[in-house]
Amino acid sequence: FAGHLPKEFGQELSIYQCIDDISQDPYSIKHGEKLEQESIAKSDFGLVTGTQLKRILQPHNQETHIAHNAVDISIFEKTLSADYDKPDEIKDVKTPIIGFTGNMDYLRMDYPLIKKVAEKHNDKTVVLVGPINSDEFYELGIDKMPNVITTGRKSIYDLPKYLKFMDVTMIPFLCNTLTKSIYPLKINEYLAAGRAVISTSFSEDIKGFSEVIYLADGHDEFLNLIDQAITENSSELEQKRFKVAQTNTWEARVEQFWELAENHLIKTGKLSPKAGAKLNGTA
């Protein structure tokens, strides 16, 4: 909410980035929506992480572009190649593991669905890796369920050690106005790790992965897809998922960013086409 940097400061470009629909956050809605609209309107161009976010913000700046979240392949490919021992929290687990990695907040997570997963699949263990930032998790008694393990916050570099032993991963997001705009970081992390993924159909962007993940339209379908995903898994499918993640790296996003920046500078006469090519390492 810092607003925009006045042009008198001499910057070549002002760029506004949006990663969430802040109109759906109870705190941000007080002032954030109006400030965001002003900021992107006064920026040279905007960057958004999802298709729905572009629809929301493009009316305020026609130069609004999608730059999806991505993955550091060098971290998550270790899931497929490294010989890890089981982390302490799951070292005694003998059952198949249904896993989740990430922040468990009060806006995105479908906690009743998570509870149903643990209840229906009591022959499996649900492992939740990440901080829990919602009272609903405890109000529903998920923390007391015998086949649910929580690890708390972990470094991104430790995630492959947990993903290695997950038979299936999940994205149990609510389907609402907020999640309609989300392109989650974890989708490409899961795929780079070769993991089978089951997700609710919360956004247009997640549906774009339909060829390599399992999408559920409701709780019952989500619960039923878990056994299917575990049964169908294979090394061939792991490699197929990995190849999709390879097209969504941060390196690719950096190239996209510089192309957008250079094109805008060239269009406004602040950079010659030849200089732009040199800046992007193509000359």
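Strand 4 (residues 97-101) and strand 7 (residues 168-171) run parallel and are joined by two bridges. The model is predicted. In this model, strand 4 also pairs with strand 5, and the largest pocket has a volume of about 640 Å³.

**Partners of strand 4**
- Strand 5 (residues 125-129) runs parallel to strand 4, and five bridges join the two.
- Helix 5 (residues 111-120) makes a right-handed β-α-β unit together with strand 4 and strand 5.

**Burial of strand 4**
- Five of the five residues in strand 4 are buried, so the strand is largely enclosed by the rest of the structure.
- In a regular strand, side chains alternate between the two faces of the sheet.
- I97, G99 and T101 point one way from strand 4, while I98 and F100 point the other way.
- The residues on both sides are buried, taking under 20% relative accessible area as the cut-off.

**The largest pocket**
- The volume of about 640 Å³ is lined by 27 residues, of which G102, N103, R108, L185 and K186 are the closest to the centre of the pocket.
- Helix 8 (residues 185-192) gives the most to this lining, contributing three residues.
- By residue class, the lining divides into 12 nonpolar, eight polar and seven charged residues.

Terms used: Residues are numbered from 1 along each chain as its sequence is written. This is a predicted model: local features need pLDDT of at least 70, side-chain atom pairs count only at pLDDT 80 or more; totals for chains, interfaces and linings use all residues. Side-chain values use heavy atoms; hydrogens and water are left out. On a 1 Å grid over the protein atoms alone, a cavity is a set of points where a 1.4 Å probe fits but cannot get out, and a pocket is an open set with protein on both sides within 12 Å along at least five of seven lines; lining residues have an atom within 4 Å of a point. Grid points are joined across faces, edges and corners, and a volume is the space filled by probe spheres set on the points. Helices (H or I, at least four residues) and strands (E, at least two) are DSSP runs, numbered from the N terminus. Ala, Val, Leu, Ile, Met, Phe, Trp, Tyr, Cys and Pro count as nonpolar, Asp, Glu, Lys and Arg as charged, and the others, Gly among them, as polar. Buried means under 20% relative accessible area, exposed over 50%, partly exposed in between (1.4 Å probe, protein chains only). Two strands pair if DSSP finds at least two bridges between them. A crossover is right-handed if, with the strands pointing away from the viewer, the path from the first strand over the helix to the second runs clockwise.
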